[in-house]
Amino acid sequence: MTEKPTATSLLPFRFNLSELGGAFGDLGTLLPLAIALIAINGMNPTSVMLMVGLFYIASGIYFRLPMPVQPFKAVAAIAISQSLAPGVISAAGLLMGLILFALSFTGAVKWLPRLFPLPIVRGIQLGVGLVLLKTALGLILKPQLASEGPITTWNA
């Protein structure tokens, strides 16, 4: 018995100049966060770039177009602002992946937006952004040398 094809499996790969621009446009957010995870949190550069690259490729194949991996950015912002250890960041990434997979597999992702209206989502985004801004200002006002080990954040 063959499986019924899904809408995603029937879509051709879509790649044009707009998709190329979007793929590079996402680097403006991704690279600073990845570099900060490496410099501030002591993450392994190879692991960070390898996993991000693999998930970008996997999501591009699944959705049939280049697609940013947004959950990485949320985890990175929180990890940087809280100076989390590499093991905690890895566990958070794994747990987030399992949760997102479960939500997708069970179909719960369809009713989840009703639990969290857009103003709540925007408020969370604003809060994470403000925490990251506070951390950045602390690093600017109190710079430390990379040779001293992972950088600690400034607590007001």
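1. Where does S83 lie? S83 sits in the loop between α5 and α6 (86–106), where helices (H or I, at least four residues) and strands (E, at least two) are DSSP runs numbered from the N terminus. Although S83 is not a glycine, it has a positive phi of about 50°. S83 counts as partly exposed because its relative accessibility is 28%, given that buried means under 20% relative accessible area, exposed over 50%, and partly exposed in between, with a 1.4 Å probe and protein chains only.

2. A word on the basis of these values. The model is predicted, with local features needing pLDDT of at least 70 and side-chain atom pairs counting only at pLDDT 80 or more, while totals for chains, interfaces and linings use all residues. Residues are numbered from 1 along each chain as its sequence is written, and side-chain values use heavy atoms, leaving out hydrogens and water.

3. The protein chain holds eight helices and zero strands, so that its pattern read along the sequence is α-α-α-α-α-α-α-α. Of its 156 residues, 20% are buried. Among contacts (heavy atoms within 4.5 Å) with a separation of 6 or more, 69% join residues 24 or more positions apart. The accessible surface, taken from the Shrake-Rupley method with a 1.4 Å probe, where for residues only the protein chains shown count as cover, comes to about 11,000 Å², and 75% of that belongs to carbon and sulfur atoms.

4. The largest nonpolar core has 15 residues, of which L37, M43, F72, A76, I80 and I89 touch the most other members; such a core is a set of buried Ala, Val, Leu, Ile, Met, Phe, Trp, Tyr and Cys residues joined through side-chain atoms within 4.5 Å. Two or more residues of this core come from each of α3, α4 (45–63) and α5 (70–82), and α3 gives the most, with six residues. Leaving aside residues up to four places away in sequence, I89 touches L37, N41, M43, V75, A79 and L84.

5. On the surface, L17, L20, F24, L27, L31, I35 and M49 form a nonpolar patch whose accessible area together is about 660 Å². Patches are made of residues with over 30% relative accessible area and no salt bridge, like charges being joined within 9 Å and nonpolar side chains (Val, Leu, Ile, Met, Phe, Trp, Tyr) within 5 Å; a salt bridge is a side-chain nitrogen of Lys or Arg within 4 Å of a carboxyl oxygen of Asp or Glu. Both α2 (17–25) and α3 (27–41) supply at least two residues of the patch. I35 belongs to helix α3, and I35 counts as exposed because its relative accessibility is 53%.

6. A search of the whole structure finds one aromatic pair, formed by F101 and F105, which are stacked at 5.7 Å centre to centre with 15° between the planes. Rings of Phe, Tyr and Trp (its six-membered ring) pair if their centres lie within 6.5 Å, and planes under 30 degrees apart count as stacked, over 60 as edge-to-face and the rest as tilted. Because F101 and F105 are four residues apart in helix α6, they are separated by about one helical turn. F101 counts as exposed at 56% relative accessibility, and F105 counts as exposed at 67%.

7. S47 lies in helix α4 and, at 38% relative accessibility, counts as partly exposed.
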